[in-house]
Amino acid sequence: MRASRLISLVLLLQSRETMTAAELARELEVSERTVYRDVLALSAAGVPVYADRGRSGGYRLLGGYRTRLTGLTRDEAEALFLAGLPGPAGDMGLADAVAAAELKVLAALPPSLRDAPARTGQRFHLDVPGWFRESTPPPWLAVLARAVWRDRVVELRYRRGEREVIRTVEPYGLVLKSGVWYMVGRVGDGWRTYRVDRVIGVAAGEDTFDREEGFDLGAYWREQAEAFLRGMLRAEVRVRLSPTGLRTLRHVAEAPFAYEEAVAGAGEPDGQGWVVTRLPVESVPVAYDVLLRLGPEVEVLDPPELRARFAEAARRSAARYADVPGAVPGDPTPGAGQR
C-alpha cells in the first residue's frame, strides 16, 4: 500500500511540477504528516525531492527527473484519455487501475500536452446506460472481469426464466450493449452468451483455460447480434412507400438489415415515386407500431388484418380532424385498393 502511494506521489510531482503538502495529502487521501514522512522516505531512497519555501513554494523534483512519452501528437494524447471509459472500467472494478494508468501517462507527457485530459473531459462524456435504466453494475461483474483477465474457468449459477442452471464456463470476454453487460464464454465445444445481471453466483477456482487462437470477440458479437435480430423478425409485411416513407424507414425499422432488405427488394417506382416492397418484422402488432410512425407515407398491402387495422386508424384520425378547414373527406390513404 505504501509503495503504491510513494509511486503516486512521484508521478503527481512529475505531472504538476510543484505541489504543497496539503495538495498532495488531498490527492493521496492521507494526512499532511504522512506526506512529510513519504517525502523523507523518497529522499532516503535517492529520489531528488526537495521543498521550495515561501508563499508559492511546495515540493518538486529536480529538473530532468522524469520519463517522457515521445512522438505523441496532441490528437493522439487527447484520444488516449478519451479511451479511458471510466464508467465501464469502474463497473468492472478497474477504476483505480485506470486512474493510475492515466496518472502515469500524464506524468510522462511533455508539458505542452499535459492539458490533454482536461480538454478531453470538457468536450466529451460517455453516458453508457440506457434511459430509464439503473446504472448500478451487476453484483458479479467485477468477479467475472477478473476471471476474464486471468483466463480462469468459472462455475456459473444463472437464472433462466424461473429456473436456476449451473454451467462450467470458460469466460472469453465481456460486452456492454445499451447499458447491459453480457459475458461471452465457451461451454464444452460451444459458445454461449449470458446476461451478467442474471448471474446469481460465481465460483472461480485456480483452473485456467487456453484461449482459442483467432477468436475475435467483436466479430462474434456482431454475428450473434444479427442472428438474434433475424431470429426475432420472423414475420413479413408487404407495403407501399412514398419516397419520403422509404427514406424515413431507415429510422423506424427494427434492425438495419430489415431496412436494407426492404430497399433491395423494392419494385420500380410508379408515376408518383411510390414503391412496393416487403419488410421483415417481429409480429403484426409490432409492425403496426413501427409503420404507424410513417403516417401517410405508407400503405399496408398485406397481411389483411394489418391493412384493416391501419384503415381503422386512418378513419379515426380523419374523424378527429373533420372540422379542420380544408380537410378532405374520404379515404386518406394514397393508392387505396391497389394490390
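## How helix axes are drawn

Axes here are lines fitted to C-alpha atoms, for helices over the stretch in contact, and angles run from 0 to 180 degrees between N-to-C directions. With that in hand, let's start at helix H2 (residues 21-28) and helix H3 (residues 32-44), whose axes come within 8 Å and cross at roughly 100 degrees. That makes H2 roughly perpendicular to H3; angles under 35 degrees count as roughly parallel, over 145 as roughly antiparallel, 65 to 115 as roughly perpendicular and the rest as oblique.

A word on the model itself: it is predicted, so local features need pLDDT of at least 70 and side-chain atom pairs count only at pLDDT 80 or more, while totals for chains, interfaces and linings use all residues. Residues are numbered from 1 along each chain as its sequence is written, and side-chain values use heavy atoms, with hydrogens and water left out.

## The chain as a whole

The protein chain has 13 helices and ten strands. Helices (H or I, at least four residues) and strands (E, at least two) are DSSP runs, numbered from the N terminus. Of the 339 residues, 34% count as buried, where buried means under 20% relative accessible area, exposed over 50% and partly exposed in between (1.4 Å probe, protein chains only).

Contact means heavy atoms within 4.5 Å. Among contacts between residues at least 6 apart in sequence, 64% join residues at least 24 apart. Ala108 belongs to helix H6 (residues 95-108) and is buried, with a relative accessible area of 10%.

## Back to H2 and H3

On the H2 side, Ala21, Ala22, Leu24 and Ala25 meet Glu32, Val35 and Tyr36 of H3. Sorted by class, this contact has six nonpolar residues, no polar ones and one charged. For these classes, Ala, Val, Leu, Ile, Met, Phe, Trp, Tyr, Cys and Pro count as nonpolar, Asp, Glu, Lys and Arg as charged, and the others, Gly among them, as polar.

The loop between H2 and H3 holds Glu29. Glu29 has a positive phi of about 60 degrees although it is not a glycine, and at 72% relative accessibility it counts as exposed.

## Two nonpolar cores

A nonpolar core is a set of buried Ala, Val, Leu, Ile, Met, Phe, Trp, Tyr and Cys residues joined through side-chain atoms within 4.5 Å. The largest one has 26 residues, and Val237, Leu241, Leu249, Leu279, Leu291 and Leu306 touch the most other members. The elements giving two or more residues to this core are strand E8 (235-241), helices H10 (243-252) and H11 (256-264), strand E9 (275-281), helix H12 (284-291), strand E10 (298-302) and helix H13 (304-320). Apart from it lies another core, of 20 residues, including Val10, Leu28, Leu42 and Val49.

Leaving aside neighbours within four places in sequence, Leu279 is in contact with Ala235, Glu236, Val237, Leu249, Ala258, Ala262 and Leu291.

H10 and H11 pack at an angle of about 160 degrees, with their axes 8 Å apart. H10 is therefore roughly antiparallel to H11. Here Leu246, Leu249 and Arg250 in H10 meet Tyr259, Ala262 and Val263 in H11, a contact of five nonpolar residues, no polar and one charged.

The axes of H12 and H13 come within 10 Å and cross at roughly 40 degrees, and the two helices are therefore oblique to each other. Val284, Pro285, Ala287, Tyr288 and Leu291 in H12 meet Glu305, Leu306, Arg309, Phe310 and Ala313 in H13. By class, that contact has eight nonpolar, no polar and two charged residues. Arg309 is partly exposed, with a relative accessible area of 39%. Not counting residues up to four places away in sequence, Arg309 touches Pro285 and Tyr288; its C-alpha lies 8.0 Å from that of Tyr288, 21 residues apart in sequence.

## Backbone details to look up

A cis peptide bond joins Asp302 and Pro303, with omega about 0 degrees. Pro303 is found in the loop between E10 and H13.

Asp151 has a positive phi of about 55 degrees although it is not a glycine. You will find Asp151 in the loop between helix H8 (141-150) and strand E3 (152-160).
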